[in-house]
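Take a walk through this structure, from the whole chain down to single bonds. Start with the terms, then follow the parts one by one.

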Amino acid sequence: MLLQVALPVPLYRVFDYSLPADSSALPNGTSSHIPPIGSRIEVSFGRQTLIGIVIAHIAAADSDVPVNKIKPINKCLDAEPILDASMLKMAHWLARYYHYPLGDVLAVMLPTLVRQGKPLDLLITHWRILPHVSDDDFRANAKKQKQQFDMLKLHGEHGASEDILLLEGMQRSFLKALEEKGLIERYIQSKQAPAPVKLATMPLDLNEEQQLAVAVIIAAHEAKQYTGFLLNGITGSGKTEVYLQAMQAVLEAGKQVLILVPEIGLTPQTRARFASRFAAHIVLLHSGMNNTHRLQGWQDCRTGHAQIIIGTRSAVLYPFANLGLIVVDEAHDGSYKQQDTLRYHAADVALYRGLQANVPVVLGTATPSLEHLKLVDDGKLVECQLQTRPGNAKLATMQLIDARLQSTHQQTTAAGAHYDTGLTDALIGAIQQTLEAGDQVLIFLNRRGYAPVLLCEACGWQADCPRCDAHLTVHYNSQSQSNSYSSSSYLKCHHCDWQAYIPTVCPDCGSQNLNTKGMGTTRLSENLHAIFANPQTSKELYPIIQIDRDTTRRKDSWENIYQRINEGTPAILVGTQMVAKGHHFPNVTLVCLPNADRGFLSADFRSPEHTAQLMIQVAGRAGRGDKSGRVLIQTLQPDNELLLKLVKDGYLSFARKLLQERKMMGLPPHSHAALIRCEGKTLAATTQALKDAIAILPNGHNLAVLGPIDAPMSKKNSRYHVQLLLLGKDRQQLHRVLNHWWQPVLALPSAKYLKLTLDIDPVGW
Ligand SMILES: Nc1ncnc2c1ncn2[C@@H]1O[C@H](COP(=O)(O)OP(=O)(O)OP(=O)(O)O)[C@@H](O)[C@H]1O
Ligand SMILES: [Zn+2]
């Protein structure tokens, strides 16, 4: 007998090895001498030692390799399979669908420590609050201790691992101090099965639409049947409550629930929402985790220890002992698509897994992607609509402000110079009114930094990235104006992170007339400060809270921002797309979009869809409490057909119109796409490789071939990117062509020193 092994090498094949010479190469507890299918083994591969997965047992006669060339494995690492048959089946499916080598697929599926061959049993320190401890055990002046205690309290009676707590901003010194005071204790998590899930708080009374949605999901669960649901509910319609009540039935039946969330929403609040409803073992899986913790999470999923699993994209590839339901929250979100190596879409994989495990899958969103609407039309997803907000909250009305009719507000500096704030008086008036009424305002600007362009007024020179086809963004802070070389003032490329000083004179013509153009969140915040500051003291009358990747870089910064917002006092929030996703700010009653509609002018055919999704998601932050909300869209193109359609008829009708257009043009989802990208040191070589690839397309391929053309940002990080798009009416046909064509393309002589990648169902090109 031989072992067929998948190894983490970029080759589209598996490898045959023989059994080890003696049983010392097998782990203790192995019942037979044969490493089981799905277990890890160590082998010699050329001059390297690699760890692979046994994927089949075959007879020596069935191997293509002559017997005397076959080497024995060095050792087997697992007495039991670490991947069961369904996980291996999924690996094969991913390899086939995404045309990616099986060994590399498995490498993406497994946590680093598993891949490195580490033992699966870990001893990880956890912390929990001792029973009988209450808030009264704190002196009034122990504020910081109390705050840290409260963070642990969010995790419920089982507490959480030290890694997670530190990640959330707790400090080791405080854990020790609280321990010494006898308020909390550390423990090593036991391997016993977790206690049955209990309700920690009572469910809300559902409205009719919610009831219907919960009922159909539970029915599918009880019938042990896969059904894909599109939970299409307007912002603030209570989709989470639908998830919670559907989950309840699944958890009470002793099954696990997987909840996928986009990258950004993963603040402690995400967890708190589920922890406050269920006393359960909740596991969080996200990119900020260290390797040990990731392995612990993977083990908890695999053994069934984890009852509720909340994770970002890659959690969909985890093994589960007894999965009962998958929820994909904000299913339209772009972060579900992996953009390198195995380019999978987590929502598609979730649907596959649901089908495989006979469990329902719920895709929840207020702004369904056109792909998901098409699946509804094709009868592959069941749509449940939530068209109202529960209670008194009403969906905010949207209104356009024509920025051509009124000039934007001018402000004067202390030195007497005038500058443009980029905000119309109508917008400023509405902001003022809202603040005076005691409410909060959210202003959405999807561009961080101070300004997107530095320009010489004399000769037209612009500060560009030497490595990319892109302008350098000006990062600047007027507070540190005295020293223009200070760390808070610099030029930066947002694509490759190149940094440079801000020049004092134009490098081309020597003029001192350098100026910034356009507006980022920092500049907008400063302009707002100038407008809304007390003119006598120049002190802020209202806090201006900037929320973007620059201001939330530190671990606990989101937490602090969240707290400031939730104090509820009047404030202006200025945010990038980070604020669009799923946040609940009950005191925001006005949302302003000063130039969000620009995306309707982009050349990318997906841009209108993505722009509209973002606008609706941001707009959805208005009026979620008891007061109704308003959304003001400041635009220079008030007659834009798409914009009018969105504002007048709403997202769904807008999306339906786009879907119709895609059908007429034969674009996805009314066709199926594969995108080939080629990356190299010169434009000529990369283009030539793709021309050669076209030349070997099989006759009668029946696909539309677009390209080779320069990628949207052709030069990035000093490398050139060229691409080729294949579009097919029929998915099977596209995959048949790829099956015969892709591997020969990789072997083309002209592709030798270049990086060629294949992206199935690409989301941007
Ligand atoms: N049946 C109900 N009765 C009363 N309040 C409810 C009900 N369902 C949900 N809510 C409340 O409505 C608010 C909005 O709900 P939720 O955040 O789940 O909306 P959502 O659909 O997820 O919105 P978004 O897409 O914007 O994230 C929450 O405060 C929630 O507690
Ligand atoms: Zn760059």
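Predicted model: local features only at pLDDT ≥ 70, side-chain atom pairs only at ≥ 80, totals over all residues.

Residues are numbered from 1 along each chain as its sequence is written, with chains lettered from A and ligands numbered from 1 in the order in which they are written.

Stay with ligand 1. There are 19 residues around it, and Thr235, Gly238, Lys239, Thr240 and Pro390 come nearest; a residue is near if its C-beta atom, placed from the backbone, lies within 6 Å of the molecule. Helix 8 (residues 239-252) gives the largest share of the shell, 3 residues. Helices (H or I, at least four residues) and strands (E, at least two) are DSSP runs, numbered from the N terminus. Domain 3 (198-386) and domain 4 (393-447 + 534-662) each supply at least three residues of the shell.

Now step back. The protein chain holds 20 helices and 34 strands. It is divided into six parts: domain 1 (2-115), domain 2 (125-188), domain 3 (198-386), domain 4 (393-447 + 534-662), domain 5 (450-519) and domain 6 (672-760). These bounds come from an automatic or database domain assignment.

How far apart are the centres of domain 5 and domain 6? Over C-alpha atoms, 36 Å separate them. Still, 6 residues of domain 5 are in contact with 6 residues of domain 6, where contact puts the C-beta atoms, placed from the backbone, within 7 Å. The domain 5 side has 3 nonpolar, 1 polar and 2 charged residues.

Next come two helices. In helix 12, Leu370, Leu373 and Lys374 meet Ala655, Leu658, Leu659 and Arg662 of helix 18. This contact has 5 nonpolar, no polar and 2 charged residues.

Finish with the backbone. The peptide bond from proline 668 to proline 669 is cis, with omega near 5°. Proline 669 sits in the loop between helix 18 and strand 31 (672-680). The bond from glycine 707 to proline 708 is also cis, with omega near 5°. Proline 708 belongs to strand 32 (residues 704-716).

Technical notes:
Nonpolar A, V, L, I, M, F, W, Y, C, P; charged D, E, K, R; others polar.
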